[in-house]
Amino acid sequence: MCINVIVHVSANVEQLTTSQLRRIYSKRKLRWDNDLPIVVFVLPNQHPLHQKFSLDILHIFPYQLDRIWNKLTYSGIGTAPIVVPTPKELLNAVAHTPGAIGYVDDVDQNAAINIINISK
Amino acid sequence: MISFVKMLILLMLPLNSLGCLASELANQTWQIHGFAAQGVINVSGSDFVNDDGRLSTELTEVGINASYQLSPFLRAAGQLVYIDGGNRYNKGVRADYLLLDWSIHDSEQWLVNLYLGRFKNNHWLYSSTRDVPFTRPTIILPQGVYFDGFRDIAVGGDGANVKVRYSSDEYGNFDLNVSTGASEISTEQTKIILSEFALGDMGHENDTQLSLYWQPIYSSWRFGFALLDSDFTYKAQQHDAFSDANIVLQRYFINALYEGERWEFSSEVFQERFVMDGFYFADYHQDNFGQGYFLQSRYTVDPKLKLLMRYEHFVVNKDDRSGKKLEQLSGGAIPHYFGYLKELTFGVEYQMSERVKFQFEYHLVDGTARLTPVVLPNTQLNDDENWQMWAAQIMYWF
């Protein structure tokens, strides 16, 4: 299973570092360089693709991400990513949401999204 | 009570759909979440939950929260909770937090937010979600730090909280929190803290806290320290058995958290200064330092099953670790074991589905220092130095 990080074209982003992705998914970076708010989409915690994205791309255990998001949500200090049930719906959500970021396994060329090159 | 919770869960199901619908809003304007938990708890040998020592269903926690993005830099958020914990705290509905979140500055590495209104205590390891059941390591948190008798005072405050987050690719993540804001103290809470015979009004005059957390880059460890300075007053009423009083409570913490693939460790070590002028009689003066710590480890057997073990130790007065001076000064009225708490906890957690979890735990306790009322304890109901409790709770969230 390969993982592609995808971003809506409005963000004007083609490359991100692992550190930047960690900041985005732990909600420590909230805006793209062009000032557009980042809208983060994820799959359910127990979905194999989410587990793989968390471990292989972010190098964070999925339960750690959950704790960060729960703390934001249930103490009022922030908002958690939007959970969508399937990779297909996630792709659709990112393609239709300005500033959105997400991850999928298979992706075809789509004018609405950029497939991100991840650097160290 | 169980039927009441069932009813609330049923009421929440449409809210769940609403939450999903809200989440589908692309602009992320709205978020709605909530939780419901019901358990049973049995305590033998103390009045921690109830006075008669029978199996109790007073272990109910229900909450719903909403977040609304008013503008790119301003957000409103609030959470209502209903809690019932027997003698542990005052039963009922509360606005847990209700705040305006102003994003003062955000960049690649910095986030600065000002929270105005009623905010949660973000300073200790588990303080910000202590009453959100599925986020806790155990149903009953270590009482040295997270004493339920102080829950309504320690859970947050009305005022301002500034949070600064700095993310460095070289040194890791830093989180600084500074808050100032006191809590309302109800008549019931006054009796929980002072004595069931206290007729006067207790006020929380000042509460200032600071904490700093550091997680080294790509590390499983996180380290923190926290400071608390708070002032209380007691205004005696006519025919009151007690006098006016001023109380100062200061706390200093250090903590550490390790989150590995299978093993987790966490620990908080603290010292607290308790100064009381008045109350028993006008010229009464008390100034002592309490100390405490807990060591907790969790092991993930498989993704659904976790085991936990924890030890904690707390003393009311570091110069009277055995409580003998306390017993002497009270003329024998307060037994020595009200001077300390030693507790061993074993827990099991089973994730039944994505949003349903079950927890069970057993506590072996030596000492009664963290029972209510605090200042003038109930020595008749708590005449056992050693006591035990077990609790089981099922929790759902969305």
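A residue is called buried if 20 or more other C-beta atoms lie within 10 Å of its own, exposed if 12 or fewer do, and partly exposed in between, with C-beta atoms placed from the backbone. Helices (H or I, at least four residues) and strands (E, at least two) are DSSP runs numbered from the N terminus. The model is predicted: local features need pLDDT of at least 70, side-chain atom pairs count only at pLDDT 80 or more, and totals for chains, interfaces and linings use all residues. Residues are numbered from 1 along each chain as its sequence is written, and chains are lettered from A and ligands numbered from 1 in the order in which they are written.

Strand β3(A) belongs to an open sheet of five strands, in the order β4-β3-β5-β1-β6 of chain A, with mixed pairing. The edge strands of this sheet are β4 and β6 of chain A, each of which pairs on one side only. Two strands are taken to pair if DSSP finds at least two bridges between them. Strands of a sheet pair through backbone hydrogen bonds, either parallel or antiparallel. On one side, β3(A) runs parallel to β4(A), to which two bridges join it. In β4(A), A:I82 is the bridge partner of A:F41, and A:V83 is that of A:V42. Strand β3(A) also pairs in the parallel sense, over two bridges, with strand β5 (residues 100–104) of chain A. Here A:V40 stands opposite A:I101 of β5(A).

Helix α4(A) packs on the sheet, where it touches β1, β3, β5 and β6 of chain A; the direction of the helix makes about 155° with that of β5(A). For such angles, axes are lines fitted to C-alpha atoms, for helices over the stretch in contact, and values run from 0 to 180 degrees between N-to-C directions. Within helix α4 (residues 87–95) of chain A, the residues A:L90, A:L91 and A:V94 are buried. The buried residues of α4(A) fall within an arc of 100° when seen down the helix axis, so they line one face of the helix; the arc is that of the directions from the helix axis to the C-beta atoms. An α-helix has 3.6 residues a turn, so residues three or four places apart point the same way. The cover over the buried residues of α4(A) includes β1 (4–8), β3, β5 and β6 (113–115) of chain A.

A:V94, in helix α4 of chain A, counts as buried because 28 C-beta neighbours lie inside 10 Å. Apart from neighbours within four places in sequence, A:V94 is in contact with A:I6, A:H8, A:F41, A:A100, A:I101, A:G102 and A:I113. Two residues are in contact if their C-beta atoms, placed from the backbone, lie within 7 Å.

Between the chains, 26 residues of chain A are in contact with 32 residues of chain B. On the side of chain A that touches chain B, α1 (18–25), α3 (62–75) and β4 (82–83) of chain A each supply at least two residues. Helix α3(A) gives the most, with six residues. By class, this side of chain A has nine nonpolar, 12 polar and five charged residues. Ala, Val, Leu, Ile, Met, Phe, Trp, Tyr, Cys and Pro count as nonpolar, Asp, Glu, Lys and Arg as charged, and the others, Gly among them, as polar.

A:R31 lies in the loop between α1 and β3 of chain A. With 18 C-beta neighbours inside 10 Å, A:R31 counts as partly exposed. Not counting residues up to four places away in sequence, A:R31 touches A:L36, A:P37, A:I38 and B:D106.

In chain B, strand β10 (residues 245–259) and strand β11 (residues 263–278) run antiparallel and are joined by 15 bridges. A hairpin connects β10(B) to β11(B) through three residues, and B:Y258 stands opposite B:F265 in β11(B). Strand β11(B) is also joined by 15 bridges to strand β12 (residues 285–302) of chain B, and these two run antiparallel. The hairpin of β11(B) and β12(B) has six residues between the strands, and B:F279 in the turn has a positive phi of about 80°.

The predictor gives the complex an ipTM of 0.94 and a pTM of 0.91. Chain B has a mean pLDDT of 91, and 93% of its residues reach 70 or more; pLDDT is the predictor's confidence in each residue, from 0 to 100. The pLDDT is below 50 over residues 1–11 of chain B and stays under 50 over residues 18–27 of chain B. Where pLDDT is low, the predicted coordinates should not be read in detail.
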